[in-house]
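Subject: Structure handover

Hello,

I am passing this structure on to you. Please look through it before reading my notes below.

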Amino acid sequence: MIGHKVVPSRRGGIELVLTTMCPKMVKRGHQVTCYNRSGDKVENEYVNTVKNGTYKGVKLKKVLTINKKGLAAMTSSFSAAIRVAFGRYDIVHFHAEGPCTALWIPKLFRKRCIVTIHGLDWARDKWKSGFGSKYIKFGEKVAAKYADEIIVLSKGVQDYFKQTYGRDTILIPNGVSRPENVEADLLTKKFGLHKDDYICALSRLTEEKGIHYLIEAYQNVKTDKKLVIAGDTSDTDDYVMKLKKLAGNNPNIIFTGFVSGRTLEELYSNAYVYVLPSKLEGMPLSLLEAMSYGNCVIGSDIADVVEDKAILFKKANVEDLKEKLQMVCDDVELVEKYKREASGYICGRYNWEDVVNRTVEVYRGKKSCKEKLVENSSVASI
């Protein structure tokens, strides 16, 4: 696997996908190797799960990385692509558009190259101008022209590739696991939070995630519910400063920083409402996770996976978001209705076992997609 920061991790969507999927592939008899950036470390919750360079049977290798803004992804992807070109691998699986600029290297050595597009990264605010956007767009073009297969996570991205490049893609949305809800303990000790007394948003703190819309809307809602913003910067320190300035001295707006493990489980389990205010997403894993815990969700109208099981507001519309927040704060029965329906719907529709099975079918080619999977095949992916 190429294109992520580090596995195991839940630092971002790609990292969480690979941390979940790769061990499941190993259980099916496949050999899986993840090429991690050399400067990244796993979070505390995963430290004891990595032994002798492996995580649950997944081989972990570090590649040369220049750990500076704008260079880490580029250098690690090219380093990994060169190494896998000379390795004994059947499949090279690139994740995200930028890393695909190096896809031609293993292709020269006749490797079967699969790409997963997790979102249109060149459109993200932090890359929207300058070299970064052009570089990522170039990677997208390389993927469209040379990848053996392209996996996308949403119908919108699938339509984009067809309309822009005439390229057929395979739609495989992300999955989710059914969790166990837990009582607030660490959450109370660390942040003074209790069940149902806070509205929650969890994401990387980048502009396209729309947290500024949420803060602006919340500031005008009449409620005693707190607003909890969980997440950390992603080379976006200026944006984080903007968010904290918007929050001002409001003691009910709490920035937790990056959370994982038991604290994250408690955060999902005890929220009154979960909010996804993004204006750009691929397949929002945090939304799937929030619903899997039985949360009432308010999401921007780009969230096309929820149907009528969540409350939607107009993307980037602060006034509409404010009205939806006020509505749920005033109507406990409405919130309970959405909570009752969320987990069964989302866990029944999106599951990791299906994602893994369909991904392995893609590895084997279109013909084998119609054939029965042989569990102990020798597919090795990078």
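Confidence

Please keep in mind that this is a predicted model. The protein chain has a mean pLDDT of 89, and 92% of its residues reach 70 or more. Among the elements of the chain, strand β5 (residues 91–95) has the highest mean pLDDT, at 98, while strand β15 (residues 380–381) has the lowest, at 41. Over residues 367–382 the pLDDT is below 50, although this stretch has 44 contacts in the model beyond near neighbours in sequence. Where pLDDT is low, the predicted coordinates should not be read in detail.

Helices α10 and α12

Two packed helices are described by the angle between their axes and the distance between the axes. For helix α10 (residues 285–292) and helix α12 (residues 332–349), the axes come within 7 Å and cross at roughly 125°. On the α10 side, the residues in contact are Leu288, Met291 and Ser292. They meet Ala342, Ser343, Tyr345, Ile346 and Cys347 in α12. By class, this contact has 6 nonpolar and 2 polar residues, and no charged ones.

Salt bridges

The count of salt bridges comes to 14. One of them joins the side chains of Lys24 and Glu353, at 3.0 Å from N to O. Lys24 lies in helix α1 (residues 13–27) and Glu353 in helix α13 (residues 352–364), so this pair ties together parts that are 329 residues apart in sequence. Lys24 is partly exposed, with 21% relative accessibility, and Glu353 is also partly exposed, with a relative accessible area of 36%.

Another salt bridge links Asp148 and Lys107, whose closest N and O atoms are 3.1 Å apart. Here Asp148 sits in the loop between α4 (131–146) and β7 (149–152), and Lys107 in helix α3 (residues 104–108), so the parts tied together are 41 residues apart in sequence. Asp148 counts as partly exposed at 26% relative accessibility. Lys107 is partly exposed, with a relative accessible area of 26%.

There is also a network of salt bridges, which links Asp308, Lys309, Lys337 and Glu341. Within this group, the side chains of Asp308 and Lys309 meet at 3.9 Å, N to O.

Regards

Definitions and conventions. Residues are numbered from 1 along each chain as its sequence is written. This is a predicted model: local features need pLDDT of at least 70, side-chain atom pairs count only at pLDDT 80 or more; totals for chains, interfaces and linings use all residues. Side-chain values use heavy atoms; hydrogens and water are left out. Axes are lines fitted to C-alpha atoms, for helices over the stretch in contact, and angles run from 0 to 180 degrees between N-to-C directions. Helices (H or I, at least four residues) and strands (E, at least two) are DSSP runs, numbered from the N terminus. Contact means heavy atoms within 4.5 Å. Ala, Val, Leu, Ile, Met, Phe, Trp, Tyr, Cys and Pro count as nonpolar, Asp, Glu, Lys and Arg as charged, and the others, Gly among them, as polar. A salt bridge is a side-chain nitrogen of Lys or Arg within 4 Å of a carboxyl oxygen of Asp or Glu. Buried means under 20% relative accessible area, exposed over 50%, partly exposed in between (1.4 Å probe, protein chains only). pLDDT is the predictor's confidence in each residue, from 0 to 100.
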